[in-house]
Amino acid sequence: MTAGKGLDAQKRVYAVWAKFYDRIYQGLLSRAQREAVAAACACGRDILEIGVGTGLTLPYFEPDRQVVGADLSLDMLRVAKAKVESQGLGHVRGLLVMDACRLGFADRSFDAVTAQFVITLVPDPEQALSEMDRVLRPGGEIVISSRLVGEGGLAAPLWSLVAPLAKAVGWSSDFKVSRLTDWAAATGRYETVHVGQGYFKVVRLKKLR
């Protein structure tokens, strides 16, 4: 499957998920999402959230921040837009249809870039990370929250075994933390400042000044 066909398939899935996504995931993901939002807010005013989806995280941002949300799915963004309007979320400056691997922003536009429960689903995670790096200012952070696994451990073979099933329902079971930290180390521009614990983890990568 080509990347283009993969994105089209994701859009069709998200069009269905948009109708009931919040009811399933709001409570399940809130701890990691709130932690990631707090880390992004601590970096500065201008924040980009990639994979903003239905806008579950948008009420968590501090009101004096300037938040832009990007997502592949127009259907998801329609739900997010309704949420912004109904809740008066004035800190949300824009909601844009955009591919995480081809961001339409100028270099060094943001103080923080957060991607929540999306990095494991994009066709080329390293390219998405490179785009986050491009639009991030020095001293800022890339903040990732997702279902991530460590190296080894007794459960590692099980997560690998169920990976095809998880992928079929839009999830990932075997995406390793090291894929993020190795990318950060290879750039020579980042340090890993935090790797969270638990089933859903938050990983913070700080761009050196």
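Biologist: Which residues of helix H4 (residues 125-135) are buried?
Modeller: The buried residues of H4 are Pro 125, Ala 128, Leu 129, Glu 131, Met 132, Asp 133 and Val 135. Buried means under 20% relative accessible area, exposed means over 50%, and partly exposed is in between (1.4 Å probe, protein chains only). Helices (H or I, at least four residues) and strands (E, at least two) are DSSP runs, numbered from the N terminus.

Biologist: Before we go on, what kind of model is this?
Modeller: This is a predicted model, where local features need pLDDT of at least 70, side-chain atom pairs count only at pLDDT 80 or more, and totals for chains, interfaces and linings use all residues. Residues are numbered from 1 along each chain as its sequence is written, and side-chain values use heavy atoms, with hydrogens and water left out.

Biologist: Thanks! What covers the buried residues of H4?
Modeller: The cover includes strand S1 (46-50), strand S4 (110-116), S5, helix H7 (177-187), S6 and S7. Contact here means heavy atoms within 4.5 Å.

Biologist: Let's zoom out. How many helices and strands does the chain have?
Modeller: There are 7 helices and 7 strands in the chain. Read from the N terminus, the elements go α-α-β-β-α-β-β-α-β-α-α-α-β-β. Of the 209 residues, 52% count as buried.

Biologist: In what order do the strands line up in the sheet?
Modeller: The 7 strands form an open sheet in the order S3-S2-S1-S4-S5-S7-S6, with mixed pairing. Strand S3 (92-97) and S6 are the edge strands, each pairing on one side only. From one strand to the next, the twist averages 20°. Two strands count as paired if DSSP finds at least two bridges between them.

Biologist: And S1 with S4, parallel or antiparallel?
Modeller: S1 and S4 run parallel, joined by 4 bridges. Leu 48 stands opposite Val 113 in S4.

Biologist: How does H4 sit on the sheet?
Modeller: H4 packs on the sheet and touches S1, S4, S5, S6 and S7, with its direction at about 145° to that of S5. H7 packs there as well, touching S5, S6 and S7, and the direction of H7 makes about 155° with that of S6. For these angles, axes are lines fitted to C-alpha atoms, for helices over the stretch in contact, and the values run from 0 to 180 degrees between N-to-C directions.

Biologist: Now strand S7 (residues 200-207): how many of its residues are buried?
Modeller: S7 is mostly covered, with 6 of its 8 residues buried. Strand S5 (residues 136-147) pairs with S7 in the antiparallel sense over 7 bridges, and Ser 145 stands opposite Val 202 in S7.

Biologist: What about S7 and strand S6 (residues 190-195)?
Modeller: S6 and S7 run antiparallel, with 5 bridges joining them, and Val 195 stands opposite Val 203 in S7. The two strands form a hairpin with 4 residues between them, and Gly 198 in the turn has a positive phi of about 100°.

Biologist: Changing topic, which residues have the most contacts inside the largest nonpolar core?
Modeller: Leu 48, Ile 119, Met 132 and Ile 142 do, in a core of 31 residues. S1, strand S2 (66-71), S4, H4, S5, H7 and S7 each supply at least two residues of this core. Apart from it lies another core, of 15 residues, including Val 52, Leu 58, Val 84 and Ala 112. A nonpolar core is a set of buried Ala, Val, Leu, Ile, Met, Phe, Trp, Tyr and Cys residues joined through side-chain atoms within 4.5 Å.

Biologist: Is Tyr 190 buried or exposed?
Modeller: Tyr 190, which lies in strand S6, counts as buried because its relative accessible area is 7%. The side chain of Tyr 190 makes a polar contact with the side chain of Asp 133 (2.8 Å). A polar contact is a pair of N or O atoms within 3.5 Å; within protein, one must be able to donate a hydrogen and the other to accept it, and residues adjacent in sequence count only if both atoms are side-chain atoms.

Biologist: Last one: which backbone nitrogen does the side chain of Asp 111 reach?
Modeller: The side chain of Asp 111 reaches the backbone nitrogen of Arg 45 at 3.1 Å. Asp 111 lies in strand S4 and is buried, with a relative accessible area of 16%.
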